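Colleague: I would like to go through some features of a model one by one. Please give the general idea before each case.

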Amino acid sequence: MKKVLLIANANSVWTKEYVKNIHYKFNNKVYITDYYGLNDDEKQFYKNLNVEIIDLFTDIKLFKFIKYFVEFKKFAKEHRDEIDIVDIQSPPHSIQTYLIHKTIKKLNAKSIITFWGSDILRINSRDAKSMQKLIKQATWINIGTDHMFEVFKKYYDDSYNDKCTFVEFGSPALSYIKDCPLTKTECKKIFGLNSEKITVAVGYNGGKAQQHLLAIQALSELKDDLKNKIQLMLHVGYNTNSEYNKEIEAALQKSNFDYVMLKEMLNLEEIAKLRLATDIFVHAQTTDGLSGSIREAVYSGAILLNPEWLKYDKFDNDGVEYIKYADFQQLPSKITDVLEGNISIDKCKNKEILDNEYSWKSVEHKWKRMFDD
């Protein structure tokens, strides 16, 4: 058993699944930071896992740093030489890094930094400089993919290569997809999708980085007979705003596609059913570190169309089959090839690879080795 200070977004489903499938399974004693305020269900979730919550939440912006300073100092004083690991998930690149750095020193603990996909892809030189002390101090720097590692080295050269490791998260919804007893038709019905049409998902959240508008515009170039076979599905329940939603809806109406736009938040069981309802998944995000949503889509049997500007080296190395497109102009021809049967994807092979490489069970030994070393 390890005693762990987990510095993370306690509200995130990724954090919850990580704590449940890794730390709890290894019987680690966890103290977790709560920056945004947990609801009663979330507090009970962590209580059931014997996790103690460090309350850092305040809605008064002026007091945030003061509260962080007081609570981190208090924790370090009370737990000096007791904490084995400071586990930093998606490291901040703000003044908070100073507090975390000082806390690690006072606790006399080793530290592990894990980058979450796109966070390393979106930093700039200033962000990298602000993280320098944490990076230098870390025992392990956990980076998900070869592409992310190349971006990391752009800012830090080869100075920390000996600390870098590649331990992945398991995809949260895979087990829910595997255990779902419903058919594709039944899953489509839940979300108001037409079971007689091919469900084409565009993106997996409502953020502008998903580039919905460009993707919809490109798909609009399909021939009418093929468009009539398709129903577009956009889930925009996360990372969105009402004005951008209006732009998306206007583009959908102009496209003359049949479509369903889902605006609600979904739990993991519902996400699993949504993935199973999907036939084709069009991904067009500007940056992505091989998100769980993409893994879930492929695992559920959807055919993935992924842009070449997103480097999925691990998918390629593992032999996952999917379709690449160079730019939006290529999307219509790629979709046409799929619909006319000119491209074959081995969905059973993809599912087997995802089971073996991307489930929590498949990666747990890697986390334990990092904790123990």
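Modeller: Side chains of opposite charge can pair when their charged atoms come close. In this predicted model, Lys184 forms a salt bridge with Asp279, with 3.4 Å between the closest N and O atoms. The term requires a side-chain nitrogen of Lys or Arg within 4 Å of a carboxyl oxygen of Asp or Glu.

Colleague: Which parts does the pair of Lys184 and Asp279 tie together?

Modeller: Lys184 belongs to helix H10 (residues 184–190), and Asp279 to the loop between helix H14 (268–276) and strand S11 (280–282), so the bridge ties together parts that are 95 residues apart in sequence. Helices (H or I, at least four residues) and strands (E, at least two) are DSSP runs, numbered from the N terminus. Residues are numbered from 1 along each chain as its sequence is written, and side-chain values use heavy atoms, with hydrogens and water left out. Because this is a predicted model, local features need pLDDT of at least 70 and side-chain atom pairs count only at pLDDT 80 or more, while totals for chains, interfaces and linings use all residues.

Colleague: Is Asp279 buried or exposed?

Modeller: Buried means under 20% relative accessible area, exposed over 50%, and partly exposed in between (1.4 Å probe, protein chains only). Asp279 is buried at 18%, whereas Lys184 is partly exposed at 34%.

Colleague: How many salt bridges does the structure hold?

Modeller: There are 22 salt bridges. One of them joins Asp372 and Lys368, with closest N and O atoms 2.9 Å apart. Both residues lie in helix H19 (residues 360–372), four residues apart, about one turn of the helix. Elsewhere, Glu168, Lys314, Asp318, Glu357 and Lys366 are linked in a network of salt bridges.

Colleague: What is the order of the strands in the open sheet?

Modeller: Two strands pair if DSSP finds at least two bridges between them. Here seven strands run in the order S3-S2-S1-S4-S5-S6-S7, with parallel pairing. Strands S3 (52–55) and S7 (164–165) are at the edges, each with a single partner strand, so one side of each has no neighbour in the sheet. S7 pairs with S6 (residues 140–142) over two bridges, and Asn142 stands opposite Thr165 in S7.

Colleague: How many disulfides are there?

Modeller: A disulfide is a pair of cysteine sulfur atoms within 2.5 Å. The count is zero. For Cys187, the nearest cysteine sulfur, that of Cys180, is 4.4 Å away. Cys187 is buried, at 0% relative accessibility.
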